[in-house]
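Student: I have a structure open, and I'd like to learn how to read it. Can we go through a few features together?

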Amino acid sequence: MDATDLARGLFRILATGDPELAVDVVHKDFRNREAAVSPLACATPGPAGVLASGAWMRSAFSDLRFPDLATAGNDDQVWIRLRMQGRHTGPFVRFRDGVLDQAIPPTGREIDFEQIHVLDLRDGKVVGHEAVRDDITMLGQLGVFPPAPATALRMVAWRVTGRAARAAAHVTRQAADAAAGLHQGSGA
């Protein structure tokens, strides 16, 4: 695969959870610099961490897709500009150092915002990832920033009733299961 194919492949993995593609595209030493806001399993090195990240995102956004707008690269890096699109049908849970930071209850709203990703390459696979995302636009589309009163009240109610903590535990299990599934399937 060339650099463009690798970049597109990484986002197909996130959208689909395809473990075979993850093994083909993601280096065993892969590190995701953006994993700080996701469940701990997303920081797992290699394909397992990418599968965990995809499970985390798909738990919040159905019909997740990443249309490619442009790519550029060389033998060591590829840059991909794309859009993240989907419908917010599950809680979007963000973490800080592995602990629940914020849970946004499902809104049913569409998201569609731009991102730029820098992917480091080694041995014909993706070995590193960092991103510049327009998260403010996404949070605006979800009614979080600026806070829509109804969304803010639902977020507070979720926190007070424990639904946010339960959602965090659930998505943490989903991400861990996705990462573990690769190891079980590969015999590792």
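Predicted model: local features only at pLDDT ≥ 70, side-chain atom pairs only at ≥ 80, totals over all residues.

Student: Okay. Leaving aside neighbours within four places in sequence, which residues is Ser38 in contact with?

Tutor: Once those neighbours are set aside, Ser38 contacts Trp56 and Phe95.

Student: And where is Ser38 placed?

Tutor: Look in the loop between β1 (26–32) and α3 (47–60).

Student: Is Ser38 buried or exposed?

Tutor: The cut-off for buried is under 20% relative accessible area. Ser38 has a relative accessible area of 2%, so it is buried. Its side chain also has a polar atom 2.7 Å from the backbone oxygen of Ala35.

Student: Now the strands. How many bridges join β4 to β7?

Tutor: Strand β4 (residues 77–88) is joined to β7 (residues 110–122) by 11 bridges, and the two run antiparallel.

Student: Which other strands are joined to β4?

Tutor: Among them is β3 (residues 68–73), which runs antiparallel to β4 with 5 bridges between them. Gly73 stands opposite Val78 in β4, and a hairpin of 3 residues joins β3 to β4. Another is β2 (residues 61–65), also antiparallel to β4, with 3 bridges. There, Ser62 stands opposite Arg87 in β4.

Student: What about backbone angles?

Tutor: Here's the general idea: most residues other than glycine have a negative phi, and most peptide bonds are trans. Now try Asp63, which is not a glycine but has a positive phi of about 55 degrees. Asp63 sits in strand β2.

Student: Where does Asp97 lie, and what is its phi near?

Tutor: Asp97 lies in the loop between β5 (92–96) and β6 (99–104). Its phi is positive, near 55 degrees, although Asp97 is a residue other than glycine.

Student: Why does Asp63 count as exposed?

Tutor: The cut-off for exposed is over 50%. Asp63 counts as exposed because its relative accessibility is 57%. Asp97 has 67% relative accessibility, so it counts as exposed too.

Student: You mentioned peptide bonds. Which residues does a cis peptide bond join?

Tutor: Phe145 and Pro146 are joined by a cis peptide bond, with omega about -10 degrees. To find Pro146, go to the loop between α4 (135–141) and α5 (149–161).

Note on methods: Residues numbered from 1 in each chain as written. Heavy atoms only, no water. Pairing = 2+ DSSP bridges. Helix = DSSP H or I, 4+ residues; strand = E, 2+ residues; numbered from the N terminus. Buried < 20%, exposed > 50% of the residue type's maximum accessible area, 1.4 Å probe, protein only. Polar contact = N/O pair within 3.5 Å; in protein donor to acceptor, adjacent residues only side chain to side chain. Contact = heavy atoms within 4.5 Å.
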